[in-house]
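User: I would like to learn how to read a model of this kind, feature by feature. Could you give me the general idea each time, and then the case at hand?

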Amino acid sequence: MLSNGNNNSIYMVFQFDINVILRHLSSIFISFATAFILALLLTKPFIGLLKKFKIQKQIREVDASGEKASIFHALHFKKSGTFTMGGILIWGTTLLTVLLSRVFSGFGWIDHSLINRKETWLPLAAMAALGLLGAVDDYFNIKGLGKSKGINIKPKFFWLLLFALLGGLWFHFKLGFDQFHIPGIGDVFLGWLYIPLFMLVILSTANAVNFTDGLDGLAGGLLVIAFASFGVIAFAKGLLILAALCGVVTGATLAFLWNNIAPAKFYMGDTGSLSLGAMLGVIAMLTDSFIPLLLIGFIFVIETLSIIIQLISKKFFHRKVFKIAPLHHHFEACGWPETQVVMRFWIVGGIFAMIGLILALLTLLG
């Protein structure tokens, strides 16, 4: 059985009558399809609003270390002026679908409303809070405010840290989370140290998705893979409402991706990458899937590591390991076409997500 007081498991799911299982799967599919269709229908008027208010991306001119981003500028200067803040379409559609779920459940089309204190409040709170922070960052970029055309690193990190701390305190003191599971080893008791672990996961996932959102379709495609994978994990653990929410985010992101693949009509922006990254981290902790997250989000992990390695190497050894970080830009600088980088990263991400998903399911069966 699972730790942290969660008594649901894959065994609970398979004890259901086949008709019950099919009904739950139908509810998840309806949630997914609703979000996908809504997002597609809203895309045209949404782009119209972006045009009306001139919500256009400004290409950054300095990198994370404060140096002039000459290689990045040379690779992407032609994208300056592309519409951004497309993440609003994703989380806006998600919130609309969640509200509609109350109506659907009332008519009996789905089993439950997606507004559920135990399973969906915290992921939705993460999405809303970080979506707002990202929107402010995007606004700074559009207006060309700040040294790097966005919120400066220190205040941005402060607000991320504050949210992660509040989430960690809630998980530990309100929900009783104090340990996590390592496949093949078992539960590791942490006590109050669970709070810094939670903070690390949320900070890492929010920033990792943000770092990865640099090529047309790259982050969107990987997020579809990740949320679909966690939807399966949540379903296997009996968290059926959370599984449906994962389906909603997958559907909304897939619709966004329809217009984000090269050449992108609009970008996700920080309002999308920060909110969905944080939400992914919260779902991973809710399902006690910290270790599988490292595999399901493998590309996000290596993208972040490439930045860390680059910064350390430049600071202490005064040389670059990569032509430019994060890693997707390095391959671009090596001559790979943008679409080739994206699709190869999707393939690698899909393979590792499959491994992470299998690991999570085998842990339940064990």
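Analyst: Helices (H or I, at least four residues) and strands (E, at least two) are DSSP runs, numbered from the N terminus. Just after helix α12, His-318 takes a positive phi of about 55 degrees. This is a predicted model, in which local features need pLDDT of at least 70 and side-chain atom pairs count only at pLDDT 80 or more, while totals for chains, interfaces and linings use all residues. Residues are numbered from 1 along each chain as its sequence is written, and side-chain values use heavy atoms, with hydrogens and water left out.

User: What does the secondary structure of the protein chain come to, and how does its radius of gyration compare with the globule rule?

Analyst: The protein chain has 14 helices and two strands. The radius of gyration is taken over C-alpha atoms, and the globule rule is 2.2 Å times the number of residues to the power 0.38. Here the radius is 20 Å, close to the 21 Å that the rule gives for 366 residues, so the chain is as compact as a globular protein of that length. Along its principal axes the C-alpha trace spans about 60 × 45 × 35 Å.

User: What span should helix α12 have, and which of its residues are buried?

Analyst: The expected span of a helix is 1.5 Å times one less than its number of residues. For the 19 residues of α12 (residues 298-316) that gives 27 Å, and the end C-alpha atoms are 27 Å apart, which agrees. Buried means under 20% relative accessible area, exposed over 50%, and partly exposed in between (1.4 Å probe, protein chains only). In α12 the buried residues include Ile-299, Phe-300, Glu-303 and Gln-310, and what covers the buried residues of this helix includes α7 (194-212), α8 (218-236) and α14 (338-365). Helix α7 is itself mostly covered, with 15 of its 19 residues buried.

User: Which residues have the most contacts inside the largest nonpolar core?

Analyst: In soluble globular proteins, nonpolar side chains tend to be buried together. A nonpolar core is a set of buried Ala, Val, Leu, Ile, Met, Phe, Trp, Tyr and Cys residues joined through side-chain atoms within 4.5 Å. The largest one has 87 residues, and those with the most contacts inside it are Phe-171, Phe-227, Phe-230, Met-279, Val-282 and Met-285.

User: Where is Gly-86 placed, and is it buried or exposed?

Analyst: Gly-86 is in the loop between α3 (70-76) and α4, and at 0% relative accessibility it counts as buried. The C-alpha atoms of Gly-86 and Met-268 are separated by 4.3 Å, although these residues are 182 residues apart along the chain. Ser-101, which lies in α4 (residues 87-107), is also buried, with a relative accessible area of 2%.

User: How many bridges join strand β1 to strand β2?

Analyst: Two strands pair if DSSP finds at least two bridges between them. Four bridges join β1 (residues 179-182) to β2 (residues 186-189), and the two run antiparallel. His-181 stands opposite Asp-187 in β2, and in this hairpin, which has three residues between the strands, Gly-184 takes a positive phi near 85 degrees.

Note on methods: Contact = heavy atoms within 4.5 Å.
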